[in-house]
Amino acid sequence: MSVEYKTTYASIDNYNKGGVQMVSGNIKDYVFSNVYEVAATSPAYERVVVAINLVYTLEAARAEGQSDWYVCAHDEFVIAFDYDVEVHYIKLDDTSFIDDDKDGAIKLNEKPAGQYMGKITLKRGHQALLPEKTAYSIKAEKPATIVYQTVLGDESVQKWNEICLTEEQ
Amino acid sequence: MTNLNAMVDNKKTGYQDFTAGSFTFRRDEYFAYVDYPGGEYVMPIDDFLKALMRDIAWGFFYGTVNFDSVLGTTNHYGNVDLFIGSENEEYVNNGKDYKENFPSDELMEIFQAMQSDWTIEGFDPFAAPQETGTAWGPKNGNNDEAISRKRQVAKRMIGIPGDTEVRSDDTGYPVNRHFKDVDQSQPVVEAEPGFEDQIHGFNLWAHLSRSDVTWNPSVVSVCKQSLLCPTSEEYILPVEHGNDRVEWFVQVSDEIIWDIKDGKSSKPRASLVMRAGDVACMPADIRHQGFSPKRSMLIVWENGSPEILDMIKQGNQPRVGVEF
Ligand SMILES: [Fe+2]
C-alpha cells in the first residue's frame, strides 16, 4: 500500500500542544512552551522569550497590524511560523545613536528618517535577515506567529510561569 | 581463563579489525565486537554504524555520545574518552567500567577508517531505514560518498551571496518523500533600487524538506554565537545524547517523542511529546533519544560561546535552561 504523507503544522488559531510524562524530577526542568500558544495569548509584538542560553534568545511574538520600528546593533532573524507577514526596512540616515555593545532590539519612538529599502513578504516557514543597524517594522493583516533569533534586550519579555508547563496535564 | 570472544574470520568476510589503545573493533556479517581489557561488548552492526556516523559527523559533539547504554564517547574538547560502561550504573557500581582517553584527531582518524571499511555499498547510515539498503553481509564495496557528506554550515545566513547555498533540485537535494506537500515558494523580496543585496530571505521549511540526512543538524543562521541548527528527523536518533550543557528544541512540524534518562545512571526520567510549535530544553544532566514516527522538522538551537566550555571545565554550567 502506498501512503500519502501529510506534514502536520500548527497555527495561532489551531495548535495542539504536546507535553511531558514524568517518571522522576521536576517538569519545570524542561521549560516546555508552545510558540503558537504564546502568540495567541500575548499582546501584539510583545517579544516573549521562549528559549534562552546565556544572553541569546528565541523570542516568539504575535504579529498583528503594523509594529513599531526597531533597530539592533547586531543581526537578528525572523521566521514566519504560520500566516503571512511583511518585513519593511529603512536605511537609517543616522546610526550614531546605536551603541555597538548594546544587545537586543531597540524600539524606536517613531518611524525613523532614512531611505526605504523595500519589503519582504514571508509565508509559513520563510526566514528573513534583519540586518544590523537597519530599522525594520513588521506588518500582518491578520494575527500571525513569528519567532526572532536574537539576544536578550530591553524589549525581551520573560514570563516563564505563564507560558511553561508547571505540572503534568 | 576461557576465551569468550566471538570467532570473527576476516578472511571470509573481507573486513578489517581496528585498534584504538587497548580497544579492538571487529565486525562480521551482523555484529560489531568491541574487545577491551574487561571482555567483549557486542552491538548489532547497523546500530553501531549509524551511531558511529553521528559521532564522526558531529566531531564527538557536546558531552557524551552513547552508542547504547554501555558503549560511547565523552568529548573533552581536544581529547575524548572512549568507554565501556562508564555511564552505566551497574558497570560503575561493580567496577566493570573501562575507559581510555585519546587525542580527538587520533580517535577520529580510526573511527573514520572503520566507518569507511565497514559501510558497504548501498548502506547509508545517515538515511531513514526505508531509504537505504542494509549493513549486513560480507564486505561489498563501500559508500564513501554517503558517509563523507559535510554538514552545511552558514557563516551568516543560508542563501546570502557567498554563503552556503539553499537546497534545490539543481544543487542535488530533491524534496523528501515525506515532505512532498511542503510549500516550495520563496519569499517575495521587493527591494528598492540599490538595496537588492541588503535584504534577504529564504524558505527554511522548504530547505528542510530537502534534507538528505536524518538526525544531523546544519547551521542556517548565525547571531553572534547563537546558531540555528534545524534538521529533519525520522525513525530513531541512533545515539542517546548525554548532555554536558542545556540544549533547546523547537518542533516545527509533526511529532517527536523524546525518551529522557538520567545522564549518569540512565534511569528513566521523562518522556516528552513535542508537536508543532512546542519548545523544550534538555537539562545538562540527562541523556535523550528521539523517536520520529514520520519525517519531521526540528530546530536544534545551539550556543557556540567559548564561555560555556569554561563553565563545563569548572563544573558550574547551569543544569537547566531557566529557573522559574
Ligand atoms: Fe542532543
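**A colleague's note on chains A and B**

1. Let's start with chain A, whose elements run β-β-α-β-β-β-β-β-β-β-β-β-β-α along the sequence. That comes to two helices and 12 strands. Bear in mind as you read that this is a predicted model.

2. Of the 169 residues in chain A, 58% are buried. If you look at contacts in chain A with a separation of 6 or more, 79% of them join residues 24 or more positions apart.

3. The accessible area is about 7200 Å², and carbon and sulfur atoms hold 42% of that. Chain A carries 16 positive and 27 negative side chains, with 6 Å between the centres of the two sets.

4. Chain B next. Here you'll find seven helices and 18 strands. The box filled by the C-alpha atoms of chain B is roughly 80 × 50 × 35 Å along the principal axes. Is that chain compact or extended, going by its radius of gyration? A compact globule of 324 residues would have a value near 20 Å, and chain B comes in at 21 Å, which agrees.

5. Inside chain B, buried residues account for 58% of the 324. Taking the contacts in chain B with a separation of 6 or more, 60% are between residues 24 or more positions apart.

6. One element worth a look is helix 7 of chain B, residues 306-314. Which of its residues are buried? They are B:Ile308, B:Met311 and B:Ile312. Viewed down the helix axis, these buried residues fall within an arc of 100 degrees, so they line one face of helix 7. Turn to the other side of this helix and you'll see B:Pro306, B:Lys313 and B:Gln314, which are exposed.

7. What covers that buried face? The cover for the buried residues of helix 7 of chain B includes strand 3 (47-53) of chain A, along with strand 18 (286-303) of chain B. So much for the sides of the helix; now its end.

Note on methods:
Residues are numbered from 1 along each chain as its sequence is written. Chains are lettered from A and ligands numbered from 1 in the order in which they are written. This is a predicted model: local features need pLDDT of at least 70, side-chain atom pairs count only at pLDDT 80 or more; totals for chains, interfaces and linings use all residues. Side-chain values use heavy atoms; hydrogens and water are left out. Buried means under 20% relative accessible area, exposed over 50%, partly exposed in between (1.4 Å probe, protein chains only). Helices (H or I, at least four residues) and strands (E, at least two) are DSSP runs, numbered from the N terminus. The arc is that of the directions from the helix axis to the C-beta atoms. Contact means heavy atoms within 4.5 Å. The radius of gyration is taken over C-alpha atoms; the globule rule is 2.2 Å times the number of residues to the power 0.38. Accessible areas come from the Shrake-Rupley method with a 1.4 Å probe; for residues, only the protein chains shown count as cover. Lys and Arg count as positive and Asp and Glu as negative; His and the chain ends are not counted. The place of a charge is taken as NZ of Lys, CZ of Arg, CG of Asp or CD of Glu.
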